[in-house]
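Subject: Structure handover and notes

Hello,

Please find the structure below. My notes on it follow, with cut-offs given where each term comes up.

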Amino acid sequence: MNALLRVLSLPAVFLSKIPGLAPVVRACSTSVGQKFLMAITGLSLIGFLVVHLAGNLQLFAGEAVFNAYAEKLHSLGPLLGIAEVGLFATFAAHIGLAISTASMNKLARKSSYALKETKQGLFILPAGGASSWMMVTGLLIFGFLVIHIMDLKLKKGFGVDYTAAMNADNEAVNSFQAVKAVLSHPVHAGIYFVCLIALGIHLSHGIRSALQTLGLHHKNWNFALRTLGFVMAWGIAGGFISLIVWALGSKS
Amino acid sequence: MSSDLLNLTLRVWRQAAPNQPGEFRDYRLNGVSTHMSFLEMLDVLNEQLIAQGEVPVAFDHDCREGICGMCSLMINGQAHGPDRGTTSCQLHMRRFRNGETITIEPWRADPFPVIRDLVVNRSAFDRIIQAGGFVSVNTGNAPDGNSVPVPGVRQEMAMDAAACIGCGACVAACKNASAMLFVSAKVSQLSILPQGQPERANRVLNMVAQMDKEGFGSCTNTSECEAACPAEVSVAHIARLNREYMKAMLFADH
């Protein structure tokens, strides 16, 4: 565990060598600092999800509209590449910090209780609600990410028939048909569904937790912020799930 | 509610010394009055053990009225037992049923090593306080009343944080063994009041640094600490600590 922590601190060691960054890195290396970065990267990734969902909901508008959108996006060229690198870095930071803080937490209690109960009210999920499932749901989301990139970025989804999306030279040109081919495949649709439920659980704790970590806690605002967090979490998960339902429904 | 006398089985953690392995031992205790406090019940158990020639169970206690923060028992998996806003000494045996098995463990967190049986070493909290949980002002004579104006609301907020008795239930109940509720209460009580302003930025930075050095976990915002806190300190103070830390990190004068 200590060796793992040392490896995970390498980016911080590297960044602190850059002139002027050392004090910032030091402040962000404490438990509180790491949670700040978790919150900021998490909220940034939600920003990406919102944009991604908004784009994908154009599937409902039909083949022409969606393909026009996809073409426009791909025509951004290097800009899209920079955005993808930034997105990848944000994911890597979020995951790295998650493993780092989780290891510190494990080290803080090496021998556990014989009996442990919660003093809070009823939880829908066992063991203290969504907050106890962040690592599990996070891993599911990571697994999904790998499959999703294989399916729709590399067009190498396992068992998926992409012929409808190909042109005569065997190049994938029709994004609409590619999405439809993946989402209407029962195994892929099933995996996507399970992982999107995991995303909903992850965000339902993640959003409110990120706000609390960033210091947003006020009795006049708590109810509104928590409601917003819950609605956003399941709105995003539900929005993506609606695309699976649509693809399965329009299969024939 | 239960009958006036209880017959209980107590599963108690016994550990002779810090680095020795511990184990649970079961003890039968009959005729426990429902009017007893939990600690009085343990006193009766110890009388019984002494009479049998066994070593009594070591447990921390002092004021026995919920203000000192010494008693620190994990009772049936809950810090200070099943009730909210109470310490182990304020818990009464009427909360238990006749024939029940009660599991009693020490706080479990690596920064709180077991000294013996149910007693843990909470010096880590003292070192966090020494890192910044104080004000260095020449107090001189007692100032005139109201010469330092503090709005009533802020007095109450500071008092809510100052209600922390430093028992460690927050650490014990947290799945990460995080000390954030304790540290945030100690940061808040001074950052809210005018006397705490001169050292405000360094206080939060130093106390967080010491908290990490002691090896406590990080805050996952489950609010289990707030539910377990006998002084009912709110996680609003954790948000305040986060704001204080962010401000100190970005705008501190040094």
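Is Asn76(B) buried, partly exposed or exposed, going by the other C-beta atoms within 10 Å? Asn76(B) is partly exposed, because 19 other C-beta atoms lie within 10 Å. The classes are set as follows: 20 or more other C-beta atoms within 10 Å of a residue's own make it buried, 12 or fewer make it exposed, and anything in between is partly exposed, with C-beta atoms placed from the backbone.

Before the rest, some conventions. This is a predicted model, in which local features need pLDDT of at least 70 and side-chain atom pairs count only at pLDDT 80 or more, while totals for chains, interfaces and linings use all residues. Residues are numbered from 1 along each chain as its sequence is written, and chains are lettered from A and ligands numbered from 1 in the order in which they are written.

Positive phi values

Asn76(B) is not a glycine, yet its phi is positive, at about 50°. Asn76(B) sits in the loop between strand 3 and strand 4 of chain B. Helices (H or I, at least four residues) and strands (E, at least two) are DSSP runs, numbered from the N terminus. In chain A, Lys155(A) also has a positive phi, near 55°, and is a residue other than glycine. The loop between helix 7 (134-153) and helix 8 of chain A holds Lys155(A), which is partly exposed with 17 other C-beta atoms within 10 Å.

The sheet of chain B

Five strands of chain B form an open sheet in the order 2-1-5-3-4, with mixed pairing; strands pair if DSSP finds at least two bridges between them. Strand 2 (23-33) and strand 4 (78-79) of chain B are at the edges with a single partner strand each, so one side of each has no neighbour in the sheet. Strand 1 (residues 5-14) and strand 5 (residues 101-105) of chain B are joined by four bridges in the parallel sense. Leu10(B) has Ile102(B) as its bridge partner in strand 5 of chain B.

Domains of chain B

Chain B has domain 1 (5-115) and domain 2 (122-136 + 148-251), with bounds from an automatic or database domain assignment. Their centres, taken over C-alpha atoms, are 28 Å apart. Each domain of chain B gives 18 residues to the contact, where two residues are in contact if their C-beta atoms, placed from the backbone, lie within 7 Å. On the domain 1 side, eight of these residues are nonpolar, seven polar and three charged. Here Ala, Val, Leu, Ile, Met, Phe, Trp, Tyr, Cys and Pro count as nonpolar, Asp, Glu, Lys and Arg as charged, and the others, Gly among them, as polar.

Between the chains

The contact between the chains takes 34 residues from chain A and 38 residues from chain B. On the chain A side, helix 4 (31-56), helix 6 (78-108) and helix 9 (186-213) each supply at least two residues. That side divides into eleven nonpolar, 17 polar and six charged residues.

Helix 10 of chain A

Helix 10 (residues 222-249) of chain A has 28 residues and should span 40 Å at 1.5 Å a residue, which agrees with the 39 Å between its end C-alpha atoms. The expected span is 1.5 Å times one less than the number of residues. Its buried residues are Gly229(A), Ala233(A), Ile236(A), Ala237(A), Phe240(A), Leu243(A) and Ala247(A). These pack against helix 4, helix 8 (175-183) and helix 9 of chain A.

Regards
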